Amino acid sequence: MTSPARLVIAAPSSGAGKTTVATGLMAAFAGRGLAVSPHKVGPDYIDPGYHALATGRPGRNLDAYMCGTELIAPLFAHGARGCDLAVVEGVMGLYDGAADQGELASTAQVAKLLKAPVVLVVDASSQSRSVAALVHGFASWDPGVRIGGVILNKVATDRHEHLLREALGESGVPVLGVLRRAPAVATPSRHLGLVPVAERQAQAVEAVAAQAEQVRAGCDLDALLALARSAPPLSAQAWAPELEPVAGRPVVAVAGGAAFTFSYAEHAELLTAAGARVVPFDPLRDEELPEGTRGLVIGGGFPEMYGSELSANARLRKAVAELAASGAPVAAECAGLLYLARSLDGQPMCGVLDADARMSQRLTLGYRDAVAVSDSPLAAAGTRMRGHEFHRTVLEPGAGPSPAWGLRQPETRVEGFVQGGVHASYVHTHWAAVPGAARRFVEFCAR
């Protein structure tokens, strides 16, 4: 049994201000001296970076599609261990989840799995009395979801606030905060969402501080904390990366820096538990792989924003190509796939894969049900994994002679590359769902 105080921050739709409110609450409560555990519903990598900045703890994802509903509470308990409060930022609208899968992977489902009260963030900028009907509808739609309060965002004036409060007075859902429009708290966006913390560290620190100040000024923190503490005990054994370690502690280099910011905290934990010595490196700055590298993990990010810098680092590109040619295990997802290609927007990359990448206007987005087509250091052929695809680039060809995955939604196709020890794909996966993948990878590194 575990019973950390907890809140889920949700909204009727995207764009209402969930990230601003959730991050501001995390920072405000951390500023009070509380140990705050940050979480994000869904596969998003960027928001957890801001959460980590606000709390000083790793931002962790809770994705019921990729990890399964049975792992949501254990992963939550793992992240929240030893904390006074957990704040969970939702995804999209409260009841939006995986396409054609009912409530699966929705914020509402995660809130129910965590027995957590929900605070609904409402963009009130273009309404007054109608806000009561909106809140009533969301509060009554699913009796299993407990909406414990509302935070009104983008409120224009004192008169506007009065009208909103008056309308909501009859809804039975208390107003726990009112936030005015505040340009200082805005976080810039581009083609795949917010700009990651690693690309704007100083400005991100300022933005999080402004969000905390806005929340402190406009929200009833005592009432919000009392609501969080009203959550009942949660029957869940904390997830733990418990794997039989491989002998020899092989060095696994993990790409990071501004170009490769997408990773789940559990991946490094699993690699370490499997016996690896995880060493980060930055392909924008480091001209050599870490000493003794036996395996390489290159996750997602924005190589398209740093194509010229990545291309200019010819020494590292050569080192990556030589490591791959030696048969060493290389796991590359999305940005890593592009980095291993022959070129990206005409600029030379590592040349490990006989493929070329370019930016596109088309957004590829959605969950993927994947089956390993070819044996690789990451998965044996036939292994089923669930993942997520999110990019505005095109790789030609999209699959090699030995594809990485066979995908079954939204259409049946093969995707990615397996050659030698390389497994490269657009599909992001969460290894907590299949911890054997991490140990298999480390085993191949130790050979």
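Helices (H or I, at least four residues) and strands (E, at least two) are DSSP runs, numbered from the N terminus. The model is a predicted one, in which local features need pLDDT of at least 70, side-chain atom pairs count only at pLDDT 80 or more, and totals for chains, interfaces and linings use all residues. Residues are numbered from 1 along each chain as its sequence is written, and side-chain values use heavy atoms, with hydrogens and water left out.

**Exercise 1.** Determine where P48 is placed and whether P48 is buried or exposed.

Solution. Step one is to find the element: P48 belongs to helix α2 (residues 46-55). Step two needs the cut-offs: buried means under 20% relative accessible area, exposed over 50%, and partly exposed in between (1.4 Å probe, protein chains only). The relative accessibility of P48 is 6%, so P48 counts as buried. Step three turns to contact, which means heavy atoms within 4.5 Å. With neighbours within four places in sequence left aside, P48 is in contact with K40, G59 and N61. Finally, from C-alpha to C-alpha, P48 and T157 are 32 Å apart in space, and 109 residues separate them in sequence.

**Exercise 2.** Identify which residues touch the most other members of the largest nonpolar core.

Solution. A nonpolar core is a set of buried Ala, Val, Leu, Ile, Met, Phe, Trp, Tyr and Cys residues joined through side-chain atoms within 4.5 Å. The largest such core has 114 residues, and L114 and L224 touch the most other members. Helix α1 (residues 18-31) supplies the largest share of this core, seven residues. Another core, of 38 residues, lies apart from it and includes L296, L310, L340 and A357. As a general background, nonpolar side chains in soluble globular proteins tend to be buried together. For L224, the contacts beyond four places in sequence are L7, L25, F29, V119, I151, L176 and C219.

**Exercise 3.** Describe how α1 and helix α9 (residues 221-229) pack.

Solution. Two packed helices are described by the angle between their axes and the distance between the axes. Axes are lines fitted to C-alpha atoms, for helices over the stretch in contact, and angles run from 0 to 180 degrees between N-to-C directions. Here the angle is about 95 degrees and the axes of α1 and α9 are 12 Å apart. Angles under 35 degrees count as roughly parallel, over 145 as roughly antiparallel, 65 to 115 as roughly perpendicular and the rest as oblique. The helices α1 and α9 are therefore roughly perpendicular to each other. On the α1 side the contact is made by L25, A28 and F29, and on the α9 side by L221, L224 and L225.

**Exercise 4.** Explain why the buried residues of helix α10 (residues 265-273) lie on the same side of α10.

Solution. First list the buried residues of α10: E266, H267, L270, L271 and A273. They cover an arc of only 165 degrees around the axis, the arc being that of the directions from the helix axis to the C-beta atoms. This arc puts them on the same side of α10. After α10 comes G275, with a positive phi near 110 degrees.

**Exercise 5.** State where F262 lies and which residues F262 is in contact with.

Solution. The loop between β10 (251-255) and α10 holds F262. With a relative accessible area of 7%, F262 is buried. Beyond four places in sequence, F262 is in contact with Y45, I46, G299, G300, G301, F302 and H428.

**Exercise 6.** Find which peptide bond is cis at P397, and what phi K115 and D345 have.

Solution. The cis peptide bond joins E396 and P397, with omega about -5 degrees. P397 is placed in the loop between β17 (384-396) and β18 (405-407). K115, a residue other than glycine, has a positive phi near 50 degrees. The loop between α5 (107-113) and β5 (118-123) contains K115, and K115 is partly exposed at 41% relative accessible area. Phi of D345 is positive and near 50 degrees. D345 is in the loop between β14 (343-344) and β15 (347-348), and its relative accessibility of 37% counts as partly exposed.
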